[in-house]
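Hi,

Here is the structure I promised to pass on. Please open it alongside this email; my notes follow below.

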Amino acid sequence: MTDALHLSGLTKAFGDKRAVDNLDLTVRSGELYALLGPNGAGKTTTLRMVAGLLAPTSGAISVFGVDAVKDPAAAKQIIAWAPDEPMLYDRLSPMEYLEFVAGLWGVDGKTARKRAEELLKWLDLWDERAQRCEGFSRGMKQKTALAGALIHDPKLLMLDEPLTGLDAAMARQVKDVLQERVRQGGTVILTTHILEVAERMADRIGIIQHGRLLAEGSLEDLRAQGGGGSATLEDLFLRLTGQAAIA
Amino acid sequence: MLLREMQRQKGRTAQIIALAVLACGLVAAGVGLGFLIREVGYEVTPLVVVAVDLAALLIFTIMVSSTLARAAQVLYLRDDLDLLLSSPLPPGRILAVRFAGIAFSVTLFWLVLAGGLLAPIAVIAAPALLAVLLVLLALGLVASAVGLLLTTLLFRLIGPRRTRTLAQVLSALIGASIFLSTQLPNILRGHGGDYSRWGWLRPYFTGEAHLDLPPHADLLARAAVGQPVPLLLVLAVSLGFFMLVTQLLGRQFARDAASAVGSDPARKASRRTAGAFAAGAFAATLCKELRLLMRDIALFSQVLLRVLYMLPLAFVFVRNAGAGDSMLLPAAAAAMSVMAGQLSSSFSWITVSAEDAPDLLVASPASMAVITRAKLWAALIPTAALVAIPLLAVGVFAPLIALVSAVGCFASAWACGVVNIWHQRPGRRSDFRRRGNVNWLVALAILGISGLIGGATFLAASGMTWAIVPAVLAAVLTLAMRRSDQQILRTLRDEA
């Protein structure tokens, strides 16, 4: 099976500082992959390069076999990117926002309309479909942005801290949506600081620091790499990133 | 960093220079008036009373509109009110101070303006006229109190969001109506009778006509010249009224401010909830930009102001079209094309530079060229809608000139729009008034291009083939401002 995402020697330098340093990473099709790392580890920069928002300094990005550096439009067509701050327009309603996003991804009007209705109902936003986003809570904004990310039925969904600032009910709803997405055969990559989420939801976990991959695999794999035992992901994370002493 | 600071400083320097020029002008006028008053003296005649009352009414109206905007802002944008109201200080005292701050801020401009004029007059001829400053202060207190009463009433009736909207629109309308009233003599001139600017006043100066004033109409004028009893009365009434309103509204305002937090400013439904989706990046972007433009209240009030300011021009345009005036009609056509360029420049700044979600556009597979084209058209459509009415009216009388004007308007709007696209820098919609991120060279180029196209329109509407010269110069200047997609992207990345 083709890998959903394959990064090879990916590097991004800002002046002398390397935010991402020769990163090799593979995400398999149909899995939920959690990318963990301390602040400034290079998680967001990596995902922004995959989304086409940043040009890599060197290295290769392949999305379902499409070279995202040489043919970014083809790669973007099958990717969705949802940053931690929802990319919304305050004066548009969720329905209008979805219309706009669907147009950007070239989804035909009839299909987009049907899909928008499904998504808004699925995410409990149907009653608010005609209200402007400016007064929405953070959770509602996150859900609207998530609906926008799903409107073109992407093969690869990338989310940066999707659960930040959400209450328990909203967070549960978003987690359900992501798991359902994976059950339907989609691929999801998410970054999170909530290690329990990664521990419970992710098929595989990658831990990066200073732009390099420190460890990767299922929780069992990471335990094995971290010296075995029944350590929690938090213990492993702190041990691997050398923050145990600080904690 | 240094360059940015210098750019910021340039704006401040320009403001300081403008203020210095204004101050010099006021002082010079004050010196002239001072010597005049020393020679001829002054007295409170019925004509002076009318002049003072009208001036007071004008200033009072502007002060009320300023208070409306500021009070609505305090309620809606919160500022530090939450922190203050959560402190152990009594809300009444906090709000009294806040209200006094509003009163002071709406009065300050007039005090400075009048102070510059009155200081030399007081030194040279009549120190008693410094009482004008106290009258202005009294006006500020009453206007602020009325503005606060209106804001609270509007808040009760239509909610905080609409109050803010209405306050902004009212401010624009009041400002524009004052401007239009000053243009009335120009508009009416040439339609029989003596409608020259001050001609109608002549009979009152010569004593041919007599003014019957209602009782106490001279109170403000007498206070302004420093008569103690009227002055004390005006001050006492205004201060009493302000304190009464502050006391009455203090608690009410605190409750309203608290409810504004949970009032959910955006629980406003968009009208369109059904129907087919726009297909394709161009149509979707165009739809989105037009919706955002139509829903931008700050932009709406700004454009409303410009349109209202255009009314006298449009009136002259249509009147001359009907009269077949050979010189004024091409001049008005030129002015219209310059205005079209300026409007398009404003709209394109909003659609291009003030994009709320630039990452969304970059992350999409849609071509940037398509998105940018849609944004340009989104700027051109409202511009066309605004200039269409006077153009159509002229078309009835002088179809050829209307056609030339339309071409000029389109060329000017398009050229100014593309220059904004080529020199886009990320900005915020709320920065629309200042557009501080616009390079002065770009602003100058836009002015030059619209001016040259205006010149070409004038010559073409006059039937002169020389129109080709400014048209070519405008094209050259536009092309000189052109930048490649790579250059635009580099600038956007640097700014980010």
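About 3,500 Å² is buried between chain A and chain B, and carbon and sulfur atoms give 59% of that area. Bear in mind that this is a predicted model. Chain A puts 35 residues into the contact, and chain B puts in 38 residues.

Now the polar side of the interface. There are 4 salt bridges between the two chains. One pairs B:Arg295 with A:Glu96, with the closest N and O atoms 2.8 Å apart. Between chain A and chain B, 8 residue pairs are in polar contact, both residues at pLDDT 80 or more.

Which helices of chain A each supply at least two residues of the side that touches chain B? They are α2 (72–77), α3 (94–104) and α4 (109–122). The largest share comes from α3(A), with 9 residues. By class, this side of chain A has 19 nonpolar, 7 polar and 9 charged residues.

I also looked at α4(A). The helix has 14 residues, so at 1.5 Å a residue it should span 20 Å; its end C-alpha atoms are 20 Å apart, which agrees. At its start, a side-chain oxygen of A:Asp108 comes within 3.2 Å of the backbone nitrogen of A:Lys110. Just after the helix, A:Asp124 has a positive phi of about 60°.

Several residues of α4(A) are buried, among them A:Ala112, A:Arg113, A:Arg115 and A:Leu119. The cover over the buried residues of α4(A) includes α3, α5 (138–150) and α6 (168–183) of chain A.

Best wishes

Methods:
Residues numbered from 1 in each chain as written. Chains lettered and ligands numbered in written order. Predicted model: local features only at pLDDT ≥ 70, side-chain atom pairs only at ≥ 80, totals over all residues. Heavy atoms only, no water. Contact = heavy atoms within 4.5 Å. Buried area = accessible area lost by both parts, 1.4 Å probe. Salt bridge = Lys/Arg side-chain N within 4 Å of Asp/Glu carboxyl O. Polar contact = N/O pair within 3.5 Å; in protein donor to acceptor, adjacent residues only side chain to side chain. Helix = DSSP H or I, 4+ residues; strand = E, 2+ residues; numbered from the N terminus. Nonpolar A, V, L, I, M, F, W, Y, C, P; charged D, E, K, R; others polar. Expected span 1.5 Å × (residues − 1). Buried < 20%, exposed > 50% of the residue type's maximum accessible area, 1.4 Å probe, protein only.
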